[in-house]
Amino acid sequence: MTAAPPVSPPVPLSRNRDYRLLWGSQALSEFGFHAAVIAFPLLVLALTGSGAASGLVMGTIAAAQMVVGLPAGVLVDRYDRKAIMLGCEAAQAVSAISLVVAVWAGAATVWHMVAVAAVFGASAALFEPAENASLPALVADDHLPTAVAMNTARASMGQLAGTATGGFLFAVGRFVPFLVDAVTHTLSFVALLFVRLPRRERPPGGVGPLGREALAGLRWVWGERRIRVTVACAVVLNLFFSAFYLVVIVLAESRGVPSGEVGVMAAMLGVGGVAGALVAPVLHRRLGSYGAIVAVFWALAVFAPVTVLVDSGYLIGVLFALMALFPPTANTAIMTDQLLRTPDGLRGRLTSTLVLACGAAGAAGPALGGSLAQIVPGDRAILLCAAGMAAAAVLATASPTLRTLSRRHEEGQPTQAD
């Protein structure tokens, strides 16, 4: 009997040409995006002096992401994902160039900026599920947790670098942040052209109406208990932490913490997120999926009430950094398990559902925090948020469904629903 040929080990991410091209292109793209986003309100205020107009432009980005969210998942599952990613980069580059020309000519208007912001938001809503759904086709299953963690680190670094640089670029010239954005998206488009993404077969039986396919995706996500529970964990985390974050800012200002220290607090949250994303692959291997998710809840539940006792913005920033260390590991665990369990034809809708649910929780969180800060003193509002986190931590720890995540490697890594 002829022996079976040896199976070649998967190509490591450091030598995975296609993943490196995708990662590098998006590192550029996200830097430009955040540089432009921070410059939007500055440009509106410089041209109109209206805070309401500034809020309209910024709100358009979030609104477009929410509106396009569910249909985006259907489109990603229905059409060529590489073509969608290329289209998103091209749309953002062209819209940014149009704004550069308008600002240079002194003809920029609020409605032009609203239109550009809508393109930015819609493109982001389309690109993320297309990229996430493509990851299992670009990297081996064993390398997927590291790839997810590296994407998280890239997003955090892009946000920090772009936000920090955008204001400086705006000081150089009002059109400069948008010119940088156009250049980075153009370079990203060129890099994506060389990514080799396997061609997907068209869904059997043709395609149905967008609404019906979106509902089919939602029903599938809801019907998968492990996915449903992990999505609930992500929503709870976003809701409570967003509420807590706003209350801490309100309490710091009421205590007379200088605005510079408040800025350091926010920056330390980003620094902790970057550090957490970089160590996420190691923590994921050490803690396992269940341990990583539970660690996030307990880190927030333990560190959140400590902020009541701290008056220094710098020390609160340290607490923020500690809280931000674990979420990237939990995100790695959740996203890896979900991508491996979901059929390829539903991965776009999976990601768009998760993004939409977390986005809604992130929007509701500040409203909850603001209401708590109005009803009770700031320190009590923080303790209420901490109590909610602690209750969620107890439930997550006791969840039999989350415990099964740690057995994924023992049972195999299914690529579709059991």
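A: We begin with a definition: a salt bridge is a side-chain nitrogen of Lys or Arg within 4 Å of a carboxyl oxygen of Asp or Glu. Keep in mind that this is a predicted model. Here the side chains of Arg81 and Asp344 meet in a salt bridge, with N to O at 2.9 Å.

Q: Which parts of the chain does the pair of Arg81 and Asp344 tie together?
A: Arg81 belongs to helix H3 (residues 81-105), while Asp344 sits in the loop between helix H11 (327-341) and helix H12 (347-375), so the pair ties together parts that are 263 residues apart in sequence.

Q: Which residues are linked with Arg81 in a network of salt bridges?
A: The network links Asp77, Arg81, Asp344, Arg347 and Arg349.

Q: How many salt bridges does a search of the whole structure find?
A: The search finds 11. One of these salt bridges joins Asp18 to Arg196, with the closest N and O atoms 3.4 Å apart. Asp18 is in helix H1 (residues 17-48) and Arg196 is in the loop between H6 and helix H7 (210-223), so this pair ties together parts 178 residues apart in sequence. Asp18 is buried, at 10% relative accessible area, whereas Arg196 is exposed, at 54%.

Q: What do the side chains of Glu30 and Arg154 form?
A: They meet in a salt bridge, at 3.3 Å from N to O. This pair links distant parts of the chain: Glu30 is in helix H1 and Arg154 in helix H5 (residues 144-172), 124 residues apart. Both residues, Glu30 and Arg154, are buried.

Q: How do I read two helices that cross?
A: Look at the distance between the axes, the angle and the handedness. The axes of helix H2 (residues 51-78) and helix H4 (residues 110-138) come within 7 Å and cross at roughly 35°. This crossing of H2 and H4 is right-handed. The residues of their contact divide into 22 nonpolar, 4 polar and no charged.

Q: Which residues make the nonpolar surface patch?
A: Leu28, Leu179, Val183 and Leu187 make the patch, which covers about 310 Å². Helix H6 (residues 176-193) gives the largest share, 3 residues. Leu187 lies in helix H6 and, at 44% relative accessibility, counts as partly exposed.

How values were computed:
Residues are numbered from 1 along each chain as its sequence is written. This is a predicted model: local features need pLDDT of at least 70, side-chain atom pairs count only at pLDDT 80 or more; totals for chains, interfaces and linings use all residues. Side-chain values use heavy atoms; hydrogens and water are left out. Patches are made of residues with over 30% relative accessible area and no salt bridge: like charges are joined within 9 Å, nonpolar side chains (Val, Leu, Ile, Met, Phe, Trp, Tyr) within 5 Å. Accessible areas come from the Shrake-Rupley method with a 1.4 Å probe; for residues, only the protein chains shown count as cover. Helices (H or I, at least four residues) and strands (E, at least two) are DSSP runs, numbered from the N terminus. Buried means under 20% relative accessible area, exposed over 50%, partly exposed in between (1.4 Å probe, protein chains only). Axes are lines fitted to C-alpha atoms, for helices over the stretch in contact, and angles run from 0 to 180 degrees between N-to-C directions. A crossing is left-handed if the near helix is turned anticlockwise from the far one by less than a right angle, and right-handed if clockwise. Ala, Val, Leu, Ile, Met, Phe, Trp, Tyr, Cys and Pro count as nonpolar, Asp, Glu, Lys and Arg as charged, and the others, Gly among them, as polar.
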